[in-house]
Each structure stands twice: as C-alpha cells, then as structure tokens.
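Please look through the model below before reading on.

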Amino acid sequence: MGKRLAPYMLVFPGGAWLLLFFLIPLVFLASVSLQTGNLFDGFRFTWHVRNYVDAIDRYRVQFLRSLLYASIATAITLVASYPLAYWIAFRGGRHKTTFLFLLLLPFFVSFVIRTLAWRFILSDDGIVLGTLKDWHLLPQSFHVLATPTAVIAGIAYNFLPFMALPLYVALDRIDRSVVEAAHDLYANRLQVFLRVILPLSIPGVFAGVLLTLIPAVGDYVNAFILGGTKTTMIGNIIQLEYLTNFHYPVAAALSFVLMIGLLIGVFAYARVLGARSLEEYV
Amino acid sequence: MAVGSGRRWTRWVLPTYVAVVLIYLVSPIVVMIVYSFNNSGFKKVSFRWVGFTFKWYPRVFDKPDLTAALKNSLVVAGVSTVIATTLGTMIALALVRYRFPGKGAAEMVMFMNISAPEIVLGASLLSLFITFGVPRGMVTIIIAHVMFNIAYVTVTVRARLAGFNRSLEEAAQDLGAGPWTTFWRVTFPIIFPGILAGGLLAFALSIDDFVITNFNAGQVKTFPLWVYGAVKVGIPPQVFVMGTLIFMGGVILAITNLMLQRRKV
C-alpha cells in the first residue's frame, strides 16, 4: 500500500508546481489570445480568432527575420563548434577538463553583461572599430552596431556552448576501437571522418541544433542590445505588446504561434533526421 | 603526400581554429574585466578607453538601486534554489526507484519544460497572473524560477542516482532503521554530490535569468533586469565591477571543486 503510493507522494509537490505554473498557464496563454478588450475596460473571452490573423499579418516580417537570424546563427555555431568539440574529444588528452572549462567560462558572466560587452567591442569608437578608424583602415562612417551582422554575431556567441556541449558528448562517446578498425582497414583520415565519425556524431548535431535554434528564435536580448530599429525580432514584439502596450491578446497570439511553429518544426526535423531519444542529451 | 597534408591539417590548422573560437568565447569576459578599470565617469562607462583606475572597486555598492537589484537577485536565487532542489530531487528519486503509471507523462513534462522557449514560458505564466489579477513582484518571480528549475534539478540528480547501490539501504533497514532514518543517514549522504550539483545549476540559472523574469517581475528589478534597463541610458562602472567580482567568485569556486574532486580520485 505505502509502496504503491510512495512514487506519487514524491512526485506530487514538484508535479503540482509544474502543472500549476507551466502546463495550466499554456491553456491561459491560448485563452488570452482569443480575448478582446483593453487594459482599462478589461478583457473578455470572445473566441476572437482575428487576433491571430492580425498578429501574423502585422508581424510577418519579424517572424521571418527571427527565423532567418536564428538559422544563420545556428549554422555559425555549428561550424564554429564542431572542430572545437572534435579537438577536445579526440585530441584533448590530459587537458580535456581545462578545454571544457574554457568552453563553459562565459556562463560565469551574466547573459546580459556578456551581450553588453559585445556592444562595447563593436561600438563605433570602441576598441576594435575605434582603433581601426584611428589607423584609417576603416572609413569614419563604418559601423556594425544596429546591423543584422551584430545581432546574428551576438546570438551565435551566446548560444555557442549549447551547440558545442552536445557535440562534444556525442563525439566523446564514439568507441575508439571503431575508429582504429577503420584505420586498420586502410581508410584514410578523410574517409574515417566522413564514414565513421561524422555519422556517429549526428545525434549530437541534432541536439545541438535544437538547443541553439529554439532559444535563438525567441531571443530578444541580442536584438535589443546590439540591434536597431530594423533588426527587431519577434521576441522584441511580444515583449513590447505584453509589457509596454498591454495588448495582451495580440501578444499571447504571437507567443502561441511561435510555440506551435517551433513544435511543428521540431517534430518535422526529428522525422527527417530520424533522431533517437533527445532526452539523453538534456 | 596525402599523409603529409593530413598531418599539417591536424597539427596546425585545427589547433589554430580551436584557439580562435576559444578567444571569441572569452573576449567579452576580458572586455568586462578591462572596462571595470576604465577611468571614465561615474554615471556611465564610455566606450572609449580613458585610463586605468582602481577607484570603482571600493565604490561597487555606491549605486543604491543597483545594489538593491543585486540583493533581489540573490534572494530570488537562494529561495528558488532551495525549493526547486527539494522538489526536483524528490521527483528524481521517484523516477529512478519506481515504475508507476504516469511515469512516462512525468518525464514528458520535464522534457517539454526544458525544451520550451523561455519567452513562451514567461508569456504563458504572465497570462495566468493577468487572468487572476495577481500582482507581479518578488513572489511571482520566485514562482517562475522554481518552475523552470525543477526539471533541471531532476535531470542532474537523476544522472547521479543511476549507479546507486540499494543494498546499503536494505542493510540499514535490516538493522532496524526506519525509512526516515535510512534516508537521512544512508541515502542522503550518498546522493548529496548529485543534489549539490543540481542546486548549483539551479542557482546559476536563476541568478542569470532574464527573459522569464522580465515577464513576471512587475516593478521589481533583479540584477539582469537592471542592467538591461540601463543599456540605452548608460552603464555605470559598478555593473562591470560586480560582473567581474561574480565571475572571479564563480571561477574560484569551480576550480576549488575540480581540485577537490581530483584529490578524491
């Protein structure tokens, strides 16, 4: 009797918390997205599906831009961190822990401050551009801040460890005897990489892309700190509509579209890559 | 020839590439530390390098609202870490030890919670609070932080619980210890490193969280919120000083932890 109830008693407090403040709120997000009204007269539930039409209609550009920026940034993190993860896993030797520590070092600095530091690096009269301009290597009018480049670079920077870590885990797990067997069978280095290592590391690529792309699409800190008026992402709009304009229904509709869009994307992606359980990596 | 170029590739190109990526990763940290010594105005740090000074370090707490924000962050992180670590550890114990109807659903919820975009978590929780007219403040921030930390603690503790030998517990019970005594005297000391790791992760995630907090904070400012608000107005040097001190503290803690682990092995 007690044995049968024990797991439920252990799960109950945390489970209730997640039910109340994670699952049920998703229902309220959907409910708010179908309301009409304003902050002063109050909001009422009216099945107002037009909120969705309006939201997508008005902010299509920002949706597409977020997807584009996040995709480019994800591609950059993949290209930047695959060789890094490979190096640590296969050539790290005694210093593996040191390299991993360096990789995790950014997490010891607040996300907002890290992004802010990029604003200092990229600013018109900052260390890099200021110096180059002083040496007349760049025209005075040259700038990076407030351009898509700055926002994408910021996103790529901030999410790089989320790509590198699952890649490292997948590469480190590869059985070395399989690699040696390939060498023994006269595969050259390129063949060993393309036919053995790369296929075995695909689950890491899959997990890394998801862990980078999902938060990157919804991010608005990079666009706010490093971007300008022409680099607004969907996260900035959701934040603005919720917290500044108090257009709750439109903001909720936007969030809901974002969530559903990402869910569909993830499932389609999982289908295509035929990935194994993701849970291994998180 | 092929072998020669292969060697050069691994000896020279790859390490250089790795070094460049690592420098890219560390450069903002260097910038933060360097600018904490920039001798520019009290109101805001200028992008231009003015000169070296130590003067901001003794004045790190001279901005009362920034200090208050840091205090809020520490309170939120402390309280939410204790709650989330307790609840998350309990779930981990249930998932590792028992098979029960609903286990799959519980695992699914954990996975969804970790993989959902932060902005959706923040926006949906805010929708709940708006619907019931709950005023936003410290309490709602803590509720939110516990919500996003439980699953992380569960995953971390669970990983450490995997190799746990249950015969020790059975031995304790054979020797007449009740379930409560068995837990505190046998189980807890063994799984403590896992719980500590989960708790540290929760604390780190909480103190750094911006997005979910921003949605559910009302007028309250935590440290990341304060910094974000100051971006377009001007960042006072104290921000970089605090960042640098927190960074140093974290790094020293982590290195000590690593050394202690090495010594045990």
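H2(A) is followed by Gly93(A), whose phi is positive, near 55°. Helices here are DSSP runs of H or I with at least four residues, strands are runs of E with at least two, and both are numbered from the N terminus. This is a predicted model, in which local features need pLDDT of at least 70, side-chain atom pairs count only at pLDDT 80 or more, and totals for chains, interfaces and linings use all residues. Residues are numbered from 1 along each chain as its sequence is written, while chains are lettered from A and ligands numbered from 1 in the order in which they are written.

Helix H2 of chain A covers residues 50-91, 42 residues in total. From first C-alpha to last it reaches 57 Å, close to the 62 Å expected at 1.5 Å a residue; the expected span is 1.5 Å times one less than the number of residues. H2(A) has a kink of about 70°, centred on Tyr59(A), the bend being the angle between axes fitted to the seven residues ending at a residue and the seven starting there.

Chain A as a whole has 11 helices and two strands, in the order α-β-β-α-α-α-α-α-α-α-α-α-α along the sequence. Its C-alpha trace spans about 80 × 75 × 35 Å along the principal axes. Of the 282 residues in chain A, 43% are buried. A residue is buried if 20 or more other C-beta atoms, placed from the backbone, lie within 10 Å of its own, exposed if 12 or fewer do, and partly exposed in between.

Most residues other than glycine have a negative phi, and most peptide bonds are trans. Ala146(A) is in the loop between helix H5 (127-134) and H6 of chain A, and Phe246(A) is in the loop between helix H10 (234-244) and helix H11 (248-273) of chain A. Ala146(A) counts as partly exposed because it has 16 C-beta neighbours inside 10 Å. Phe246(A) is partly exposed as well, with 13 other C-beta atoms within 10 Å.

Where do the two chains meet? In this model 70 residues of chain A are in contact with 68 residues of chain B, contact meaning that the C-beta atoms of two residues, placed from the backbone, lie within 7 Å. Helix H1 (residues 2-32) of chain A gives the largest share of the chain A side, 19 residues. That side has 53 nonpolar, 13 polar and four charged residues. Here Ala, Val, Leu, Ile, Met, Phe, Trp, Tyr, Cys and Pro count as nonpolar, Asp, Glu, Lys and Arg as charged, and the others, Gly among them, as polar.

The largest nonpolar core has 153 residues, and Ala85(A), Leu254(A) and Ala123(B) have the most contacts inside it. Such a core is a set of buried Ala, Val, Leu, Ile, Met, Phe, Trp, Tyr and Cys residues joined through C-beta atoms within 7 Å. Its largest share, 17 residues, comes from helix H6 (residues 148-173) of chain A. Not counting residues up to four places away in sequence, Ala123(B) touches residues including Leu29(A), Tyr242(A) and Phe215(B).
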